[in-house]
Amino acid sequence: MATSAQQQQAGAIFVGATSYNSPLAWLRLSKRWSAMIRGLQEMPGYLHHQVYWDPPFALGTIGYFATREDLLTFARSDIHRGLMQWVTDGTKHATAGYIRLYDLPAGDAAAAGDQQPEEEEPDAHA
C-alpha cells in the first residue's frame with residue numbers, strides 16, 4: 001500500500017485490472033509484466049504502485065503518479081502499449097479489463113490522501 005507521503009505527492013492515480021484466462025496466461029505474461037514494471041519505475045513522476053488479485057484470474061494495478069501528464073506519458077510508452085497490444089491481440093490471453101484515471105483534487109496536498117479522487121474519462125491504450 002502507498003505510504004501517506006506518496007499519496008500526498010500523487011496528483012494522478014491509475015486503477016486498472018485484466019481478467020486473464022488461466023494461470024498459464026499469467027505465466028506467458030510474467031516476462032512482459034516484469035519488463036513493464038522496470039520501465040514504470042524509471043519513469044519521471046512515478047511514485048508507487050501496488051498489485052491486487054481478484055479471483056479467479058484477474059490481476060489489477062493501482063499506480064500513483066506526480067501528475068496526470070506523468071501518468072499519460074507512461075500509458076503511452078512503448079512498453080505499456082506493447083503489453084496492452086499483447087493482451088488484446090485476439091489470442092484470448094484475457095477476457096475483460098478496465099482502466100480508470102483519476103486526478104486528485106487541487107488544494108492542500110496533506111488533505112488529498114483523505115479525499116476521494118474525482119473520476120476522469122478513461123484513456124485508450126491501443
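Is F65 buried or exposed? F65 is buried, at a relative accessible area of 3%, where buried means under 20% relative accessible area, exposed over 50% and partly exposed in between (1.4 Å probe, protein chains only).

Welcome to a predicted model, in which local features need pLDDT of at least 70, side-chain atom pairs count only at pLDDT 80 or more, and totals for chains, interfaces and linings use all residues. Residues are numbered from 1 along each chain as its sequence is written, and side-chain values use heavy atoms, leaving out hydrogens and water.

**View A. Y46, F65 and F74 make up one aromatic cluster.** Rings of Phe, Tyr and Trp (its six-membered ring) pair if their centres lie within 6.5 Å; planes under 30 degrees apart count as stacked, over 60 as edge-to-face and the rest as tilted. The rings of F65 and F74 are stacked because their planes lie at 25°, with centres 6.3 Å apart. F74 is buried too, with a relative accessible area of 8%.

**View B. T61 sits in strand β3 (residues 58–65).** Strands (E, at least two residues) and helices (H or I, at least four) are DSSP runs, numbered from the N terminus. T61 counts as buried, at 14% relative accessibility. Beyond its neighbours within four places in sequence, T61 is in contact (heavy atoms within 4.5 Å) with residues including F14, W33 and Y52.

**View C. Y20 touches residues including W26, F57 and W86, not counting those up to four places away in sequence.** Others that Y20 touches, with that exclusion, include A25, L29 and H93.
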